[in-house]
Amino acid sequence: MSGEDALSKLSAKLETAESVVSFRLPLADDMHVHLRQGAMMKAVTPSIRSGGCSRVLVMPNLTPPVTSSARAEEYKKELEALDPSVQYLMTLYLSPEIDKADLARAKEVGVVGVKSYPRGVTTNSEAGVESYEGYYPIFEEMERLGLILHLHGEVPGESVLDAEARFLPNLEKLHKDFPSLRIILEHVTTKAAVEVVKKLGPSVGATVTAHHLEITIDDVVGCSRNFCKPVAKRIEDREAIRSVVLEGNPKFFLGSDSAPHPTDKKNVNWKAPAGVFTTPYLLQYVADTLTRLGALHRLPGFACEFGARFFRVTPKDFSVSLTEGEGKTSVPCVELRRGEFEVPSLFGEDTLGVDGAALPFRAGEKLLWTATVLS
């Protein structure tokens with residue numbers, strides 16, 4: 001049976017989610033993750049696979065940022081030393097330090113794109129962009145090489161509820177000026193952003209996070225662990241994001257924007273850092289939300305197919321979804337089994353200590369699925 005046939009059969013099975021006790025997926029793609037550096041990196045990176053993923057797009061906003069092929073290659077090797085079974089797709093940080101002549105080598109060492117952060121809008125974005133015109137020679141070379149431009153879509157200085165919508169003319173202009181340059185609007189949070197991505201050409205896509213499928217601004221107020229940038233918006237915005245995922249639109253795919261912070265910095269009453277942490281339980285979060293929305297059959301495409309297609313990387317092997325029974329499989333996969341799973345209150349306290357541990361999204365809540373990686 002072909003991969004497409006296996007995917008169709010799995011999706012049909014999941015349309016009757018009430019009767020599904022367990023199912024298998026290829027290990028998923030998380031096309032936007034923050035793995036940090038130092039002790040946090042060492043704690044979080046091994047949890048990618050247990051969270052249900054085997055390929056991730058790694059963000060470059062370290063201290064200092066990743067702006068060269070040499071640093072990207074070094075960072076990739078650090079991650080591979082922690083878990084060589086994961087494929088790390090690397091990015092560079094758009095800044096004046098990027099050398100146009102270095103982009104070809106960057107591609108050779110595993111860099112697939114360049115990430116743009118507006119200056120000062122989120123964690124480690126102090127070296128971010130103030131104007132795009134000066135980077136047009138970089139974008140021309142990226143377009144030639146087939147690299148992707150990843151946009152954090154907010155305008156600095158605007159209200160957090162309006163900053164993404166005010167950014168959208170920049171996206172439209174960049175797409176008009178570079179129609180063949182693949183552009184991803186990262187972690188969409190507004191109805192306006194969804195509509196713009198839908199209407200633009202096939203070279204424009206968007207990532208959707210597990211938490212933006214779940215929460216609104218009401219869940220952020222008074223809860224620092226739900227604070228991220230861009231912030232979750234109004235109910236109608238969340239519904240637009242849910243709707244485009246439920247439609248199975250292939251321009252929208254999973255990018256968790258999982259971003260861990262130490263508890264003693266995140267769990268505060270004033271100036272909490274932006275970031276929601278989902279990596280260790282990522283597929284469980286998404287499966288839980290889609291099940292409650294009556295759309296579990298959209299999980300395989302959203303998490304395992306659409307991102308790979310946009311990135312032009314090796315497609316996942318959906319034949320694993322046809323295997324049954326316990327034990328090893330010929331291809332590594334993740335088995336999701338119906339049963340309550342309580343999200344732990346902390347992650348990594350054994351190695352990071354209580355103050356240094358990360359706070360998982362929806363800590364203490366019960367999810368509908370447990371996940372086990374089979375290989």
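**Labels and their grounds**

Mentor: Lys191, Val194 and Lys198 in helix H8 are in contact with Glu236, Asp237, Ala240, Ile241 and Val244 in helix H10, contact meaning heavy atoms within 4.5 Å. The residues of this contact comprise four nonpolar, no polar and four charged. The model is predicted, so local features need pLDDT of at least 70 and side-chain atom pairs pLDDT 80 or more, whereas totals for chains, interfaces and linings use all residues. Residues are numbered from 1 along each chain as its sequence is written, and side-chain values use heavy atoms, without hydrogens and water.

Trainee: Why is the pair of Phe23 and Trp369 called edge-to-face?

Mentor: Rings of Phe, Tyr and Trp (its six-membered ring) pair if their centres lie within 6.5 Å; planes under 30 degrees apart are stacked, over 60 edge-to-face, and the rest tilted. The centres of Phe23 and Trp369 are 5.3 Å apart and their planes stand at 80°, so the pair is edge-to-face. Phe23 lies in strand S1 (residues 22-26) and Trp369 in strand S11 (residues 366-374), 346 residues apart; strands are DSSP runs of E, at least two residues, and helices runs of H or I, at least four, numbered from the N terminus.

Trainee: Which label applies to the pair of Phe310 and Phe311?

Mentor: Phe310 and Phe311 are also edge-to-face, with 6.4 Å centre to centre and 65° between the planes. The structure holds 14 aromatic pairs, and ring pairs link Tyr132, Tyr136, Phe139, Phe167 and Phe178 into a cluster.

Trainee: How do you know whether Phe310 is buried or exposed?

Mentor: Buried means under 20% relative accessible area, exposed over 50%, and partly exposed in between (1.4 Å probe, protein chains only). Phe310 has 9% relative accessibility, so it counts as buried. At 6%, Phe311 therefore counts as buried. Phe23 and Trp369 are both buried as well.

Notes: Ala, Val, Leu, Ile, Met, Phe, Trp, Tyr, Cys and Pro count as nonpolar, Asp, Glu, Lys and Arg as charged, and the others, Gly among them, as polar.
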